[in-house]
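Welcome, and thanks for joining this walk through a structure that may be new to you. Open your viewer, colour the model by chain, and follow the stops below in order.

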Amino acid sequence: MSEYNISMTVVEVCQCARLPLDALVEIVETGIVEPKGSSPQEWLFDSQMVVVIQKAHRMQRDLETDWNGVALALALLEELRSVRAENDRLRRLTFTAK
Amino acid sequence: MEFKDYYEVLGVVPEADAKTIKSAYRKLAREYHPDVSEREGAEDRFKEISEAYEVLKDAGKRAEYDQLREYGGDGGFRPPPGWQAGPQQSDSGEFQGGFSDFFESAFGQAGHSSRQGFSRQHFSERGEDIEFRLAVFLEEALHGEARTIQYEVPFFTDQGNLARQSKTLKVKIPPGVTDGERIRLKGQGAPGIGDAPSGDLYLNIQLAEHPLYAVEGADLSITVPLAPWEAALGATVTVPTLDGAIRLSIPAHSQTGRKLKIRGKGLGREDNQGDLYAILSVIMPEADEDCDELWRQLGERSTFEPRRQWENKQ
């Protein structure tokens with residue numbers, strides 16, 4: 001009964017993330033996620049995108065910032081995550097003798 | 001019930017103006033927001049902060065709160081006799097657990113009070129979707145194991161009050177899941193109101209850190225310690241993978257940091273099958289007189305110049 005790699009339409013995403021349509025359009029226009037399809041009627045979001053959308057929504061609301069600020073913060077957080085992963089690998093390489 | 005000093009939570013004086021409160025909140029929110037902060041306890045701290053701001057940013061609520069504060073600010077708190085929580089709207093406090101008992105008793109049920117008074121016959125709405133963070137070990141992620149999880153769902157009683165109910169569910173982790181993947185379990189969220197269907201449960205997979213393997217998407221990597229002579233002459237070493245040890249040939253003259261790909265031994269599945277990378281790391285042996293003698297002989301005979309790239313730059 002469990003599903004993964006689900007694709008969701010605009011309506012489903014708005015319902016699932018409790019997000020108004022115009023906010024979702026702004027999220028896509030800012031480039032925070034890039035759904036398949038060229039117009040909102042055709043947009044399809046995968047499950048990773050929905051996680052990002054929910055995160056973006058919480059940040060925009062709780063940090064009282066605009067979508068551009070959210071996009072910048074998300075990009076920096078992603079970079080931080082990948083730097084941390086790289087750092088983790090290097091740490092294992094250097095201190096493996098102990 | 002414990003009285004909450006919202007001014008203290010935001011670190012402002014009770015006379016602070018709206019602008020000061022706003023900037024104190026924004027600063028703390030950036031520091032403790034669970035989507036941004038890696039700090040321990042950030043989520044609980046952020047809940048406190050947003051609860052305090054929810055009240056203090058609104059002149060009406062703040063005035064009510066100041067009254068309460070004067071009345072019962074020391075030690076235990078009971079709402080004054082006849083105190084009636086006004087209907088309030090709130091869109092915050094959605095992180096697991098919601099706002100404190102103090103908030104609920106002073107200001108009503110955040111975010112849901114607007115629905116009070118609707119009887120089940122006249123109102124129907126699809127149940128809330130629930131997000132559940134599931135920490136998974138790499139071994140469980142690879143093979144896909146069953147886990148029993150417990151979570152809370154909000155629901156409305158026959159009287160129209162909001163309550164929470166604990167739910168236990170056995171879930172099967174799909175084999176090959178990767179970090180950050182999201183799994184939908186249809187109809188396992190909060191019950192709907194009236195005839196409306198239940199919401200869904202979403203499992204957000206978070207892989208636990210593993211002592212041997214680092215994870216990047218579906219790929220894993222493991223550091224392979226080598227003796228200097230193994231790196232020089234080549235060797236066959238035994239490498240542990242998530243499903244059993246394998247024999248790996250190390251080519252002669254390998255440097256530290258060289259990556260050898262072991263196809264198909266990562267996470268993932270079907271179109272996204274990950275690989276395992278063995279990353280070589282040359283380790284010096286501990287001091288040993290016999291060894292030192294051999295190193296000395298090697299040093300005398302070798303023409304190797306490890307710092308050639310510095311030549312002409314000094």
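Begin with a spot on the surface of chain B: select B:H253, which counts as exposed because it has 10 C-beta neighbours inside 10 Å.

Before moving on, a word on what you are looking at. This is a predicted model, in which local features need pLDDT of at least 70 and side-chain atom pairs count only at pLDDT 80 or more, while totals for chains, interfaces and linings use all residues. Residues are numbered from 1 along each chain as its sequence is written, and chains are lettered from A and ligands numbered from 1 in the order in which they are written.

**Stop 1: chain B as a whole**

Show chain B as a cartoon. Its secondary structure comes to eight helices and 11 strands. (Helices, H or I with at least four residues, and strands, E with at least two, are DSSP runs numbered from the N terminus.) Of the 314 residues in chain B, 25% are buried.

**Stop 2: a four-stranded sheet**

Now pick out β6, β7, β11 and β10 of chain B. They form an open sheet in that order, β6-β7-β11-β10, with mixed pairing. (Two strands pair if DSSP finds at least two bridges between them.) Strands of a sheet pair through backbone hydrogen bonds, either parallel or antiparallel. Look at the edges: β6 and β10 of chain B each have a single partner strand, so one side of each is left without a neighbour in the sheet. Ignoring direction, neighbouring strands here are turned by 30° against each other on average. (The axes are lines fitted to C-alpha atoms, for helices over the stretch in contact, and angles run from 0 to 180 degrees between N-to-C directions.)

Zoom in on β7(B) and β11(B), which run parallel and are joined by seven bridges. Select B:T223 and you will find B:I279 of β11(B) opposite.

**Stop 3**

Which residues touch the most other members of the largest nonpolar core? Select B:V136, B:A141, B:I205, B:L220, B:I222 and B:A278, out of 26 residues in this core. (A nonpolar core is a set of buried Ala, Val, Leu, Ile, Met, Phe, Trp, Tyr and Cys residues joined through C-beta atoms within 7 Å.) Elements giving two or more residues to this core include β1 (130-136), α6 (138-143) and β7 (219-226) of chain B. The most come from β5(B), with five residues. Domain 2 (130-207) and domain 3 (213-310) of chain B both contribute, so the core lies between them. (The domain bounds come from an automatic or database domain assignment.)

Keep B:A141 selected. Leaving aside neighbours within four places in sequence, B:A141 is in contact with B:V136, B:I173, B:V177, B:L207 and B:L267. (Contact here has C-beta atoms, placed from the backbone, within 7 Å.) Apart from this core lies another, of 21 residues, with B:A29, B:A52, B:Y65 and B:A106 among them.

**Stop 4: a hairpin in the open**

Next, select β2 (residues 146-156) and β3(B). These strands of chain B run antiparallel and are joined by 11 bridges. B:A146 stands opposite B:K172 in β3(B). Five residues lie between the strands of this hairpin, where B:G160 takes a positive phi near 85°. Is β3(B) largely buried or in the open? Of its 11 residues, the number buried is zero, so β3(B) lies largely in the open.

**Stop 5: where the chains meet**

Bring chain A into view. The contact takes 28 residues from chain B and 25 residues from chain A. On the side of chain B that touches chain A, the elements giving two or more residues include α2 (18-32), β3 (162-172) and β4 (182-185). β4(B) gives the most to that side, with four residues.

**Stop 6: chain A**

Finally, follow chain A along its sequence, where the pattern is β-α-α-α-α. Buried residues make up 23% of its 98 residues. End at A:R18, in the loop between α1 (10-17) and α2 (21-29) of chain A. A:R18 is not a glycine, yet has a positive phi of about 50°. A:R18 is also exposed, with 12 other C-beta atoms within 10 Å.

How values were computed
Buried ≥ 20, exposed ≤ 12 C-beta atoms within 10 Å, placed from the backbone. Contact = placed C-beta atoms within 7 Å.
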